[in-house]
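This report covers the salt bridges and the nonpolar cores of one structure.

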Amino acid sequence: ISSVQLSAVDGIGVAPDWYRQRFPNEYQSWTLDLLTLRRFGLWISAASGNQHVTNTSAGYNWPASDPNIISVGCYNNITMEPTRQRGLGLDIMSRTLDVDPFTSYCNTVAVATSILIRDVCENRCGIINLTHCSAEFVLFIMQKTAEIVRDPDAPDIRLYILHPSRLYPFLFHDQSFCTVLDNFAHDKEASLATLPWRSSYFGGKGSVANPSPPIIEPTMN
């Protein structure tokens, strides 16, 4: 097992503290298990939720709001706007042609993409160890090649949008891919410093941007 896909608990758009306070023993066990799986490099992601909610705190449902789970939302590729639940700190949004999609579908796209990136780690770089080609590295590559958009309902929030036409050439043709992988494994903090901002999975609060300056697109180093 290299990837785990979780669904959103719709209608429970609360932070992990809500569960920690009400179910302390269960929450502690849950957190320890998540940390163990994260150290092993497993990809664990959850859909952000299917309500139409945007705010500057969480904005998405548990378990996606847990800091040790990768949160995945939806971006409508027809209207060219984010849809369903999202908010400050969301890790990645997958593209969909569905006008009103369920975020579980977008999470499936993210999980499938994570498996693809790991396949490239193995076949291009000879890396099969999940702690080397970890979930953190996989998300880093998704964000590094992502498109960045502003949320129309909260223009000060910027979001990472999965961008296949940038990601695939980097995975399959860019000669620096294996070097980027090794650099991340040896100095994660230096690699993360090249991102425009850190999402919740990387210990950040997301991005609250001044809506006036233009967005600077990320480039691969």
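## Salt bridges

The structure holds 6 salt bridges, each a side-chain nitrogen of Lys or Arg within 4 Å of a carboxyl oxygen of Asp or Glu. This is a predicted model, where local features need pLDDT of at least 70, side-chain atom pairs count only at pLDDT 80 or more, and totals for chains, interfaces and linings use all residues. Residues are numbered from 1 along each chain as its sequence is written, and side-chain values use heavy atoms, with hydrogens and water left out.

## Pairs involving strand β8

R86 and D151 form a salt bridge at 2.6 Å, N to O. R86 is in strand β6 (residues 86-87) and D151 in strand β8 (residues 147-151), so the bridge ties together parts 65 residues apart in sequence. Strands (E, at least two residues) and helices (H or I, at least four) are DSSP runs, numbered from the N terminus. R86 is buried at 3% relative accessibility, and D151 at 0%. Buried means under 20% relative accessible area, exposed over 50%, partly exposed in between (1.4 Å probe, protein chains only).

The closest N and O atoms of R95 and E147 are 2.4 Å apart, in another salt bridge.

## Nonpolar cores

A nonpolar core is a set of buried Ala, Val, Leu, Ile, Met, Phe, Trp, Tyr and Cys residues joined through side-chain atoms within 4.5 Å. The largest one has 36 residues, with W43, I117, F137, F140 and I141 making the most contacts inside it. Helix α4 gives the most to this core, 7 residues. Apart from it lies another core of 15 residues, including A46 and V149.
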